[in-house]
Amino acid sequence: MTLPHAPLLTTQQLTRRYAGLVAVDHVDLVVPQGGVHAVIGPNGAGKTTLFNLLSGLVTPSEGRISFAGADITAQSAHRRAGLGIARTFQNIRIFGAMTVLENVLTGLHPRLRSSLGAVIFRLPSFRAEERDAVAGARAALDLVGLSARAADPASSLAYGDQRRLEIARAMAQNPKLLLLDEPAAGMNPAETVALGELVRRIASAHTTILLVEHDMGFVMRLSDSVTVLNFGRQIFTGTPGAVRSEPAVVEAYLGARLAAKLQAHHG
Amino acid sequence: MSIPPWLDDLLWTYQNLIHAMGVNGLLALSMYVVLAIGQLSLGQAAFMGLGAYSSALMTLKLKLPFFVVLPASVAAPVLVALLIGVPTLRLSGVYLAIATIGLGEVLRAVYLNVDVFGGALGLNGIPERAETWMIFGILAAGITGLWLVGRSGVGRAMEAMREDPTAAAVMGVNVPRYHLAALVTSAILAGLAGALSAHVSSFIGPNEYGFEPAVTILSFALLGGIGTPIAAVAGAWFLTLLPELMRDLPQVRLTLNGVIIVLAVLFLPRGLLGWRMGRKAA
């Protein structure tokens with residue numbers, strides 16, 4: 001049960017410690033239903049660890065995660081995928097030897113229900129399910145503009161297309177929440193603009209987007225809200241407009257001395 | 001149905017070799033199932049031994065008919081697969097390999113020291129009840145079943161796990177469940193191979209299921225490839241036939257076996273038959 005205005009995802013005091021390092025430090029993240037939301041911060045701020053916590057690849061040292069009204073702190077990664085959390089990876093993790101279409105089909109895995117008997121005897125229920133899955137996968141490829149490459153090995157795609165494939169694979173999961181980990185990394189300006197349009201198209205009442213990104217222009221253009229992390233701590237949450245004038249954020253990026261100088265300069 | 005005399009002669013002359021090809025084919029499938037999901041489990045010889053000993057005891061001591069013994073022979077391997085599977089779910093790579101080699105050694109010690117298994121002498125006088133058609137029927141069913149499963153969403157999940165288990169989990173693949181299912185399937189196939197081989201060779205001993213056979217079974221799949229089940233079986237047949245072709249050169253047989261495996265790993269990393277499973281609409 002989700003109330004109309006209840007947030008889609010919240011974390012309470014979410015913490016992950018490694019030996020001698022607190023990667024994520026008591027973060028209270030609130031992701032509203034719908035729209036595009038960004039997590040930014042300098043390198044090593046804990047953004048990817050936060051994503052790994054949310055997608056279930058890393059277990060929290062402390063704190064809780066609620067998604068769509070349920071506590072998912074103890075759920076494994078594959079269960080969270082079934083519940084509607086999808087993600088992409090900063091260092092692209094496509095299945096290189098498989099075809100583009102097969103990659104996207106893996107995203108439909110939680111929805112496959114055929115029994116082993118139906119699979120082995122190729123029962124009509126199995127055939128219908130495979131047909132639907134292929135149709136769903138093709139729709140996801142259409143969305144990112146990769147339909148023409150469906151039969152090619154995924155490893156043969158250009159870098160930017162591999163990123164698109166990861167998004168198509170995640171979208172095939174029909175996610176309620178899509179985590180994009182640095183989607184614009186390594187893209188040229190034209191590709192970044194096209195990616196921004198894609199992200200806007202994907203973001204809907206059904207699919208909320210949470211993204212980590214270093215390209216500030218990209219973040220400011222697309223995001224409805226921005227959360228800033230620094231050394232694992234949440235130092236700001238607000239609109240893109242407000243984040244620019246927040247002294248703590250400027251300080252985190254530029255260092256205290258340069259920030260003070262800028263402050264003095266601009267009065 | 002009568003078979004022509006020349007074929008009958010051929011089958012009679014090469015009976016042992018034909019049986020070995022069928023049994024080794026099943027063992028190659030057993031290896032394929034775990035390698036196909038990216039796990040290096042070396043318990044296949046141990047599972048084979050469990051199938052062989054349990055089926056031989058059912059035949060010799062309980063006097064059960066073979067149509068009961070053969071299906072029942074998978075019980076012990078499956079039970080042990082579940083027992084070692086659950087605690088080793090989180091192991092992968094060389095750690096899982098070591099744990100499963102350990103299983104083989106533990107069982108060898110049990111066969112040697114527990115009276116009912118006949119100690120170092122093994123079990124003798126097992127009646128020859130497995131027929132050639134049974135061995136190849138089960139092998140054909142195994143290849144077909146694994147092929148059909150491989151060409152479904154299950155096969156996609158298996159290949160995805162082999163390439164990147166983390167990404168597969170994020171796609172919603174229940175990776176631990178696949179590990180356990182693969183291990184149990186592997187145990188079933190190896191258990192059947194053990195029961196069939198025990199009932200064609202009339203003798204089984206503790207050293208037939210140790211470390212060396214475990215590595216031989218691994219080499220079947222390494223040489224043939226793991227893209228498709230048939231590739232692994234082809235590897236097994238190649239390595240079963242090879243010693244026969246070199247019967248006149250017994251002193252170089254093992255050496256040449258080793259050289260072939262080294263060359264295969266270096267120059268055919270995907271195996272003799274390296275192609276992937278074709279999937280419809282892909």
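Trainee: Which residue is the bridge partner of S66(A) in strand 6 of chain A?
Mentor: The partner of S66(A) is D71(A). Keep in mind that this is a predicted model.

Trainee: How many bridges join strand 5 to strand 6 of chain A, and which way do they run?
Mentor: Two bridges join them, and the strands run antiparallel. Strand 6 of chain A covers residues 70–71. Together, strand 5 and strand 6 of chain A form a hairpin with two residues between them. In that turn, A68(A) has a positive phi of about 50°.

Trainee: What else does strand 5 of chain A pair with?
Mentor: Strand 1 of chain A, residues 9–18, pairs with strand 5, residues 62–67, in the antiparallel sense over five bridges. One position to look at is Q12(A), which stands opposite R64(A) in strand 5 of chain A.

Trainee: And how is strand 1 of chain A joined to strand 2 of chain A?
Mentor: By four bridges, with the two strands running antiparallel. Y18(A) has L21(A) in strand 2 of chain A as its bridge partner. These two strands also make a hairpin with two residues between them, and G20(A) in the turn has a positive phi of about 75°.

Trainee: Where is H26(A) found?
Mentor: H26(A) is in strand 2 of chain A, residues 21–27. Its phi is near 50°, a positive value in a residue other than glycine.

Trainee: What about R122(A), buried or exposed?
Mentor: R122(A) has 17% relative accessibility, so it counts as buried. Its phi is also positive, near 50°, and it is not a glycine. You will find R122(A) in the loop between helix 4 (116–120) and helix 5 of chain A.

Trainee: Switching to sheets. What is the strand order in the open sheet of six strands?
Mentor: In chain A the order is 7-8-9-4-10-11, with mixed pairing. The edges are strand 7 (85–87) and strand 11 (233–238) of chain A, each pairing on one side only. Neighbouring strands of this sheet are turned by 20° against each other on average, ignoring direction.

Trainee: How do strand 4 and strand 10 of chain A run?
Mentor: They run parallel, with four bridges joining strand 4 (residues 36–40) to strand 10 (residues 225–230) of chain A. Within that pair, V39(A) has T227(A) in strand 10 of chain A as its bridge partner.

Trainee: Which helix packs on the sheet?
Mentor: Helix 1 of chain A, residues 47–55, does, touching strand 4, strand 7, strand 8, strand 9 and strand 10 of chain A. Its direction makes about 150° with that of strand 8 of chain A. Helix 7 of chain A, residues 189–202, lies across strand 4, strand 8 and strand 9 of chain A, at about 145° to strand 9 of chain A.

Trainee: Now helix against helix. At what angle do helix 5 and helix 6 of chain A cross?
Mentor: Roughly 140°, and their axes come within 9 Å. That makes helix 5 of chain A oblique to helix 6 of chain A. The crossing is right-handed.

Trainee: Which residues of helix 5 of chain A meet helix 6 of chain A?
Mentor: A140(A), L141(A), L143(A) and V144(A) of helix 5 of chain A meet residues of helix 6 of chain A, including R164(A) and M171(A). By class, the contact has eight nonpolar, no polar and one charged residues.

Trainee: And in chain B, how are helix 2 and helix 7 placed to each other?
Mentor: Their axes cross at roughly 25° and come within 9 Å. Helix 2 and helix 7 of chain B are therefore roughly parallel to each other. The crossing is left-handed. Among the residues in contact are L26(B) and L29(B) of helix 2 of chain B and I135(B) and L139(B) of helix 7 of chain B. The residues of this contact divide into 13 nonpolar, five polar and no charged.

Trainee: Last one. How many residues of helix 8 of chain B are buried?
Mentor: Eight of the eleven, so helix 8 of chain B is largely enclosed by the rest of the structure. The buried ones include G153(B), R156(B) and E159(B). The buried residues pack against helices of both chains, among them helix 3 and helix 5 of chain A and helix 10 of chain B.

Key
Residues are numbered from 1 along each chain as its sequence is written. Chains are lettered from A and ligands numbered from 1 in the order in which they are written. This is a predicted model: local features need pLDDT of at least 70, side-chain atom pairs count only at pLDDT 80 or more; totals for chains, interfaces and linings use all residues. Side-chain values use heavy atoms; hydrogens and water are left out. Two strands pair if DSSP finds at least two bridges between them. Axes are lines fitted to C-alpha atoms, for helices over the stretch in contact, and angles run from 0 to 180 degrees between N-to-C directions. Contact means heavy atoms within 4.5 Å. Angles under 35 degrees count as roughly parallel, over 145 as roughly antiparallel, 65 to 115 as roughly perpendicular and the rest as oblique. A crossing is left-handed if the near helix is turned anticlockwise from the far one by less than a right angle, and right-handed if clockwise. Ala, Val, Leu, Ile, Met, Phe, Trp, Tyr, Cys and Pro count as nonpolar, Asp, Glu, Lys and Arg as charged, and the others, Gly among them, as polar. Buried means under 20% relative accessible area, exposed over 50%, partly exposed in between (1.4 Å probe, protein chains only).
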